[in-house]
Amino acid sequence: MRALNFFDAEKILEDYPDVFADIVNGFLFDGEEVIKPEELEDMPGRSAYRAEQKLHDMERDVAKRWKKNDIRIACVGFENQTAPDPLMVLRVLGYDGAEYRAQCLKENEDKPPYPVITLVLYFGCERRWTEAKTLYEAVNVPDVFKPYVTNTKINVFEVAWLEEDQVRRFKSDFRIVADYFVQKRKTGAYIASEETIRHVQELVMLLSVMEHDDRYEKLYYEKAVEGGSWNMCKIIDDYIKIGEAKKEAEVNERVATDMIRDGEPLAKIKKYSKLPEAAIRKLAKSMGVAVL
């Protein structure tokens with residue numbers, strides 16, 4: 001099974017209507033609830049194009065249509081980036097063009113066309129987005145052609161560089177994600193909040209990837225049976241407790257190993273290693289030693 005990466009984990013979280021709508025409202029409308037989750041329509045993120053006599057896939061990270069009263073108002077797509085991409089303008093043009101092309105198909109001829117908007121969500125903490133944001137910056141367009149080439153721009157939002165008041169505009173779990181990246185950029189560390197998490201598993205999966213530590217995800221499966229609400233403080237505290245317990249268990253096993261090797265009696269090994277008799281005997285057996 002392929003390991004989950006940041007882009008997979010982020011896409012899973014963003015695909016929830018409440019998170020998707022919140023991201024759009026937070027970045028485009030200063031947090032005002034212009035788009036409501038129930039007004040969003042899922043759509044395939046994959047399209048195709050032909051090049052070099054072959055058909056190639058072209059897949060958006062996440063995309064949804066905004067509908068009101070059964071009328072499609074707009075298509076909004078997200079592209080997640082952890083590093084600036086010098087060709088991002090061209091990629092976005094391809095995604096947007098594919099959606100406009102789909103609106104020209106016979107099956108859509110009775111539907112009015114609608115705009116396509118792409119948000120590039122940049123999660124880089126090390127440096128600002130320095131690559132091209134317009135077609136003229138990405139492509140060398142001779143002056144003689146500029147009257148005939150539209151200088152398309154892309155919408156880049158630098159998540160890790162948001163101000164605190166901008167982070168507070170978000171009301172979904174994305175606020176926790178944005179706060180995480182902002183703190184990481186500023187201090188290199190993360191102080192958890194007590195905000196209740198709605199999509200716990202998805203956020204924990206994302207945290208596991210961001211911290212390169214699958215123990216967060218394991219923690220979720222161990223604690224999920226307990227039920228109740230979750231917040232980042234609870235997750236971090238439980239993570240620390242599990243880490244401490246694991247460290248203590250490792251120390252106890254090392255003590256028992258040394259005492260078995262030294263030929264100490266079982267009762268003494270139990271006293272100082274704090275391991276149960278069955279665990280000590282199993283450890284001794286693996287070492288090829290008998291304990292009495």
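**Provenance**

I am working with a predicted model, in which local features need pLDDT of at least 70 and side-chain atom pairs count only at pLDDT 80 or more, while totals for chains, interfaces and linings use all residues. Residues are numbered from 1 along each chain as its sequence is written, and side-chain values use heavy atoms, with hydrogens and water left out.

**The sheet**

I traced an open sheet of five strands in the order S1-S4-S5-S6-S7, with mixed pairing. Its edge strands, each pairing on one side only, are S1 (40-42) and S7 (155-158). Neighbouring strands of this sheet are turned by 30° against each other on average, direction ignored; the axes are lines fitted to C-alpha atoms, for helices over the stretch in contact, and angles run from 0 to 180 degrees between N-to-C directions.

I then checked the burial of S6, where buried means under 20% relative accessible area, exposed means over 50%, and partly exposed lies in between (1.4 Å probe, protein chains only). Six of the seven residues of S6 are buried, so this strand is largely enclosed by the rest of the structure.

**Helices across the sheet**

I looked next at what lies across the strands. Helix H1 (residues 6-14) lies across S4, S5 (71-81) and S6 (116-122), and runs at about 155° to S5. Helix H3 (residues 88-103) also lies across S4, S5 and S6, running at about 150° to S6.

**The core around Phe 78**

I took a nonpolar core to be a set of buried Ala, Val, Leu, Ile, Met, Phe, Trp, Tyr and Cys residues joined through side-chain atoms within 4.5 Å. The largest one has 42 residues, and those with the most contacts inside it are Phe 27, Phe 78, Leu 121, Val 159, Phe 174 and Phe 181. Two or more residues of this core come from each of H1, H2 (17-28), S4, S5, S6, H6 (174-187) and H7 (200-210).

For contacts I used heavy atoms within 4.5 Å. Leaving out residues up to four places away in sequence, Phe 78 touches Glu 14, Phe 20, Ile 23, Val 24, Asp 61, Val 62, Leu 119 and Leu 121.

I searched a 1 Å grid over the protein atoms alone, where a cavity is a set of points at which a 1.4 Å probe fits but cannot get out, a pocket is an open set with protein on both sides within 12 Å along at least five of seven lines, and lining residues have an atom within 4 Å of a point. Grid points are joined across faces, edges and corners, and a volume is the space filled by probe spheres set on the points.

The largest pocket has a volume of about 410 Å³. I count 17 residues in its lining, of which Thr 82, Phe 123, Gly 124, Cys 125 and Phe 181 lie nearest its centre. H1, H6 and H7 each supply at least two lining residues, and H6 gives the most, with four.

There are two cavities of 30 Å³ or more. The largest holds about 50 Å³ of space and is lined by Arg 72, Gln 103, Asn 108, Lys 111, Pro 112, Pro 113 and Tyr 114.

**Loop residues**

In the loop between S4 and S5 I checked Asn 69 and Asp 70. Asn 69 has a positive phi of about 55° although it is not a glycine, and Asp 70, also a residue other than glycine, has a positive phi near 65°. Asn 69 is exposed at a relative accessible area of 73%, and Asp 70 counts as exposed at 70%.

Methods: Pairing = 2+ DSSP bridges.
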